[in-house]
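Subject: Structure for your review

Hello,

Please find the structure below. My notes on what was found in it follow.

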Amino acid sequence: MRRPLQTVLLLLSGAGLLRIALFGDLYLRYVKEGMRPLLIGSGVLLILLGLTDAVSSLRRREDGGHTGHGDGGHGHQHSSVPRPAWLLFLPALSLLLYAPPALGAYTASREPAEVAVTHEDDFDPLPATSPLPITLSDFTRRVRQDRTGAIGGRTVRMTGFVTSAGQGGGWFLTRIMISCCAADARSVKVRVHGAPAPAADTWVTVTGAWHPGGTLGTGSAPAALDARSVEKTAEPVNAYTDALPPPALGR
Amino acid sequence: MRQTEWVLRKTEERPEIAEGTERDDGGYDLPLPWPLLLLAAATVPGVVLYFGGRWMETPAMEAWRTVCLAVTVQALPFLLLGTALSGAINAFVPARVFSRILPRRPVLAVPVAGVAGVVLPGCECASVPVANSLIGRGVTPAAAFAFLLSAPAVNPVVLTATAVAFPGQPGMVVARLLASLAAASVMGWLWLWLGRAEWLRAGVRHGGHQPGGSRWREFRDGFRHDFLHAGGFLVLGAMAAATFNVAVPRSVLDAFSGSPWLSVLFLAGLAIVLSVCSEADAFVAASLSGFSPVARLTFMVVGPMVDLKLIALQAGTFGRAFALRFSAATAVVAVLSSVLIGGALL
């Protein structure tokens, strides 16, 4: 790879990182919030490196003649960048021009349900508000682990995106969570009964009650909901968290 | 990888088709008339872009691109940290510093270098360039490899993450620390015993500060070179990891969680193909709740030492002959070490 092209590649990579982390929230499609300062730092560093490179090679060209050639011996060792370096253009350009969306229904539909739910022994009493805003993981834990059965009969509100259940029909309310980057995505799904499936990847808030089955508070109970209402909501900025539904409008 | 091929093909297609008159595999024997050529030149790029774009927007391709970018974006800051550190070691730290810190006998230097891995906070991407520059500064390769293997697994950031991911199980943190140190030291000694210098790419490293040159310039040049070099291989590894991630659904896991031996081997294999960064793999391991503690320990010991992006990075830095042998041996040693230590502690 020629020297000027290397400089361009450094600048493009830096610009790509700054575009997703500094001038927008796109980085949340790929990594966690905590990475932002690191990404901005890396972007700035790459751009500075590219700029000093450009300046020094311009200066060398102005000096011209023998100094430039005398330097050649030094430049040679480093300028032999192997072919795979070209591959860096792909993420750099992709970040700048063609950023892919956050993971969604496609990924979730290929994962087993409820992998992401941790085990808990002590459950606090549920707050009295109705409908009760709750996360998908909390709801699943309450249904399958809380032996007091406090969730039974309660009206709950949850937000997630739509994943279709495949050949059997029906659909899941879904959240994808990441621990580090989108490569380690895990999903939590709650089956929704009594409402037609919206288009996959639509973000909705569902109000409803637990769909009875098995014994509540044990692994035999399905994480499922009888829907009373399904409203479309905006996709949250940080989609890879299992957050409470946004406050209801007009209530 | 499919994406690259596609991009390459796309850029090559136009001249090929424009000159297609002389190609015999297309079945054209007669020169095409000019108007047809012009028409093709006007429409083919658009058609290719349109269908290519449609294909890139299918859910599977979008997931692939997202995962690929995610691995790259996540690793880039740590790769930069590693290259900056290795550039600094190269340009500013005199070689005698290392000979003073490390014991003179390589057999003793190996475990000391393994423990020294504690000081490099970051994931595995940072440790490859640093190990490379250590070798360039005269550190015996065996000790540098012990450092390379242990640093991503035993630094405080990773151990804290492990403790957070396995609350109330301090045994897991201790077992991870010990099993990683043991595997790293064994690999160092194995290199002393069986390793051959010719497996390493000749002239692994532009060595150190040259008298008369500007240290700052050397630092910058080394930094740029290392970053572009390792970055390309990082993208290659990210593509491979994304391909496995999208092609093999997680539900396949359940089939293996029953048998204790199979599950250890299976999670070791999973750690290699998923290429999760070492700061996050504890959380992934914690989420694999169907598996035995020993299998999950194996996942966390193998992951930082051998995975697809790391193999690609090592191949780029030390040469392919080295990367394949070294990774295969490391995988075996790491599995054995985690089974032995995990079996005793967990």
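In this predicted model, helices α10(B) and α14(B) pass each other in a right-handed crossing. The contact draws on His229(B), Ala230(B), Gly232(B), Phe233(B), Leu234(B), Leu236(B), Gly237(B), Ala238(B), Ala240(B) and Ala241(B) from α10(B). From α14(B) come Leu308(B), Lys309(B), Ile311(B), Ala312(B), Leu313(B), Ala315(B), Gly316(B) and Thr317(B). Sorted by class, the residues in this contact of α10(B) with α14(B) are 12 nonpolar, five polar and one charged.

As for the geometry, α10(B) covers residues 215-247 and α14(B) covers residues 308-318. Their axes come within 7 Å, with a crossing angle of roughly 150°. Angles over 145 degrees count as roughly antiparallel, and α10(B) and α14(B) are therefore roughly antiparallel to each other.

Helix α10(B) also meets α3(B): the two axes come within 7 Å and cross at roughly 155°. That angle makes α3(B) roughly antiparallel to α10(B) as well. The crossing of α3(B) with α10(B) is right-handed. By class, the residues of this contact are 24 nonpolar, nine polar and three charged.

The setting for both pairs is chain B, which has 15 helices and zero strands. Chain B has 346 residues, and 50% of them count as buried. Among the contacts in chain B with a separation of 6 or more, 84% are between residues 24 or more positions apart.

Next, the interface between the chains. Chain B contributes 49 residues to the contact, and chain A contributes 49 residues. On the side of chain B that touches chain A, the elements giving two or more residues are α1 (2-18), α3 (59-92), α10 and α12 (281-287). Which of these elements of chain B gives the most to that side? It is α3(B), with 16 residues. The side of chain B that touches chain A divides by class into 24 nonpolar, 17 polar and eight charged residues.

Chain A is built from six helices and six strands. Read from the N terminus, its elements run α-α-α-α-α-β-α-β-β-β-β-β. Of the 251 residues in chain A, 41% are buried. Taking the contacts in chain A between residues at least 6 apart in sequence, 71% join residues at least 24 apart.

Two strand pairings in chain A involve β5(A). In one, β2(A) (residues 155-164) and β5(A) (residues 203-210) pair in the antiparallel sense over seven bridges. Here Phe161(A) stands opposite Trp203(A) of β5(A). In the other, β5(A) is joined by seven bridges to β6(A) (residues 224-232), and these strands also run antiparallel. Within this second pairing, Thr207(A) has Ser229(A) in β6(A) as its bridge partner.

To recap the points to check on screen:

- α10(B) and α14(B): a right-handed crossing, at roughly 150°.
- The chain contact: 49 residues from chain B and 49 residues from chain A.
- β5(A): antiparallel to β2(A) over seven bridges, and antiparallel to β6(A) over seven bridges.

Regards

Terms used:
Residues are numbered from 1 along each chain as its sequence is written. Chains are lettered from A and ligands numbered from 1 in the order in which they are written. This is a predicted model: local features need pLDDT of at least 70, side-chain atom pairs count only at pLDDT 80 or more; totals for chains, interfaces and linings use all residues. Axes are lines fitted to C-alpha atoms, for helices over the stretch in contact, and angles run from 0 to 180 degrees between N-to-C directions. Helices (H or I, at least four residues) and strands (E, at least two) are DSSP runs, numbered from the N terminus. Angles under 35 degrees count as roughly parallel, over 145 as roughly antiparallel, 65 to 115 as roughly perpendicular and the rest as oblique. A crossing is left-handed if the near helix is turned anticlockwise from the far one by less than a right angle, and right-handed if clockwise. Two residues are in contact if their C-beta atoms, placed from the backbone, lie within 7 Å. Ala, Val, Leu, Ile, Met, Phe, Trp, Tyr, Cys and Pro count as nonpolar, Asp, Glu, Lys and Arg as charged, and the others, Gly among them, as polar. Two strands pair if DSSP finds at least two bridges between them. A residue is buried if 20 or more other C-beta atoms lie within 10 Å of its own, exposed if 12 or fewer, and partly exposed in between; C-beta atoms are placed from the backbone.
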